[in-house]
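Here is a quick tour for someone meeting this structure for the first time. Have a look at it below, and then we'll walk through a few of its helices and loops.

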Amino acid sequence: SCPLVFAGKQTDERILVQDNSAFAIDLYQKLRASDGNIFLSPYSISTALAMTYGGARGNTEKEMAKTLRFSLDQENLHPAFAQLESRLNELQKVGNIKLSVANSMWPQQDYKFLDEYRSLIKTHYGVSITPVDYKRAREAARKMINKWVEDKTQDKIKDLIKPRILDAFTRLVLVNAIYFKGNWESQFKAEKTKDSPFYISSKKSVQAPMMTQKEKFGYADIGSFEMLKLPYIGNEMSMIVLLPKEVDGLKQLEASLSAENLKRWKARLSKREVLVFLPKFQMTSMFRLDKTLVSMGMVDAFSDLKANFAGMDGR
């Protein structure tokens with residue numbers, strides 16, 4: 001996930017972007033030790049947890065702010081999320097890309113949440129609120145939530161909530177769904193795609209369909225790795241690729257990855273002609289983040305005895 005950079009003074013929106021980017025890197029550094037590839041949307045995670053943070057109080061609130069890198073207070077944080085989401089949704093109105101962000105709240109039908117909390121997340125996160133019954137119709141609730149996610153992601157994310165995740169004690173499910181589809185500003189020609197070796201480790205390679213083109217792109221040689229900026233049509237969004245020069249150089253690159261370094265590296269990008277080889281790929285990842293977030297300092301939120309979400313229900 002790359003930081004979004006906006007011109008102008010240090011607005012709350014810009015502060016939030018920097019904070020979210022810092023959390024994205026923190027989270028990636030925790031998850032990169034897991035096996036296989038990693039694919040995640042830190043923005044989705046930050047948004048869902050921000051909706052939860054809106055109801056946090058006491059030490060739970062303090063720990064969440066520190067872990068999520070939120071430097072804005074509650075009063076300014078949620079309007080900044082609203083501005084950022086509005087800006088992201090505006091991008092697709094140009095018609096060049098498809099980018100939609102949607103939030104939903106699924107409370108237990110007979111559980112009383114504070115009107116102030118409902119108003120907060122409805123106003124700033126545009127949530128749809130649908131009461132369901134986790135006590136007597138748990139499977140129906142699960143299917144309803146999953147169907148909503150499928151619809152919002154053009155059927156790309158199916159069966160988000162697996163069986164046995166919800167139980168009779170579930171009182172609220174908050175969901176964030178994000179969908180992006182964009183065409184490259186400089187298209188890869190299908191006839192130039194050929195199977196080539198792609199190294200998945202220093203000793204093992206697989207044959208992968210490799211797209212190729214020679215064009216002017218933002219490029220930087222950072223020493224042990226190269227950096228490339230591939231814009232999507234309209235130039236509002238882009239993919240940043242970091243490629244180690246050594247086949248086994250990924251761990252070294254990851255160790256140096258930080259929000260500050262990423263910003264510094266991006267500043268070195270300049271337009272030059274580059275011969276690009278990019279494999280076509282598809283990946284799916286699923287994470288349970290409770291233990292990860294606890295290890296990052298968000299402890300009380302996951303404790304039955306210490307969690308304080310009085311801002312949600314007044315209890």
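Let's start with a pair of helices: α1 passes α2 in a right-handed crossing, a crossing being right-handed if the near helix is turned clockwise from the far one by less than a right angle, and left-handed if anticlockwise. Helices here are DSSP runs (H or I, at least four residues) and strands are runs of E (at least two), numbered from the N terminus. Keep in mind that this is a predicted model, where local features need pLDDT of at least 70 and side-chain atom pairs count only at pLDDT 80 or more, while totals for chains, interfaces and linings use all residues. Residues are numbered from 1 along each chain as its sequence is written, and side-chain values use heavy atoms, with hydrogens and water left out.

**How the helices pack**

Axes are lines fitted to C-alpha atoms, for helices over the stretch in contact, and angles run from 0 to 180 degrees between N-to-C directions.

| Helix pair | Angle | Axis distance |
|---|---|---|
| α1 (residues 12-31) and α2 | about 110 degrees | 9 Å |
| α1 and α8 (residues 259-266) | roughly 110 degrees | within 9 Å |
| α2 (residues 42-53) and α3 (residues 58-68) | about 160 degrees | 11 Å |

The angle of about 110 degrees between α1 and α2 makes them roughly perpendicular, a label for angles of 65 to 115 degrees; under 35 counts as roughly parallel, over 145 as roughly antiparallel and the rest as oblique. Where do α1 and α2 meet? Asn20, Phe23, Ala24 and Leu27 in α1 meet Pro42, Tyr43, Ile45 and Ser46 in α2. This contact divides into 6 nonpolar, 2 polar and no charged residues. Here Ala, Val, Leu, Ile, Met, Phe, Trp, Tyr, Cys and Pro count as nonpolar, Asp, Glu, Lys and Arg as charged, and the others, Gly among them, as polar.

Helix α1 also crosses α8 at roughly 110 degrees, so this pair is roughly perpendicular as well. On the α1 side, Gln18, Ser21, Ala22 and Ile25 meet Ala259, Leu262 and Lys263 of α8, giving 4 nonpolar, 2 polar and 1 charged.

With α2 and α3 the picture is roughly antiparallel, and the crossing is left-handed. Leu49, Thr52 and Tyr53 from α2 meet Glu61, Met64, Ala65 and Leu68 from α3, a set of 5 nonpolar, 1 polar and 1 charged.

**Inside the core**

Which residues touch the most other members of the largest nonpolar core? Leu16 and Phe70 do, out of 55 residues. Such a core is a set of buried Ala, Val, Leu, Ile, Met, Phe, Trp, Tyr and Cys residues joined through side-chain atoms within 4.5 Å. Leaving aside neighbours within four places in sequence, Phe70 is in contact (heavy atoms within 4.5 Å) with residues including Leu16, Ala50, Tyr53 and Phe81.

**Out in the loops**

Most residues other than glycine have a negative phi. Asp155, though, has a positive phi of about 65 degrees, and for Asp159 phi is near 55 degrees. Asp155 is found in the loop between α6 (138-152) and β3 (172-182), and Asp159 is in the loop between α6 and β3 too. Asp155 is partly exposed at 42% relative accessible area, and Asp159 is partly exposed at 30%; buried means under 20%, exposed over 50%, and partly exposed in between (1.4 Å probe, protein chains only).

Finally, Glu185 lies in the loop between β3 and β4 (194-199). Glu185 and Met237 are 52 residues apart in sequence and 9.9 Å apart in space, C-alpha to C-alpha.
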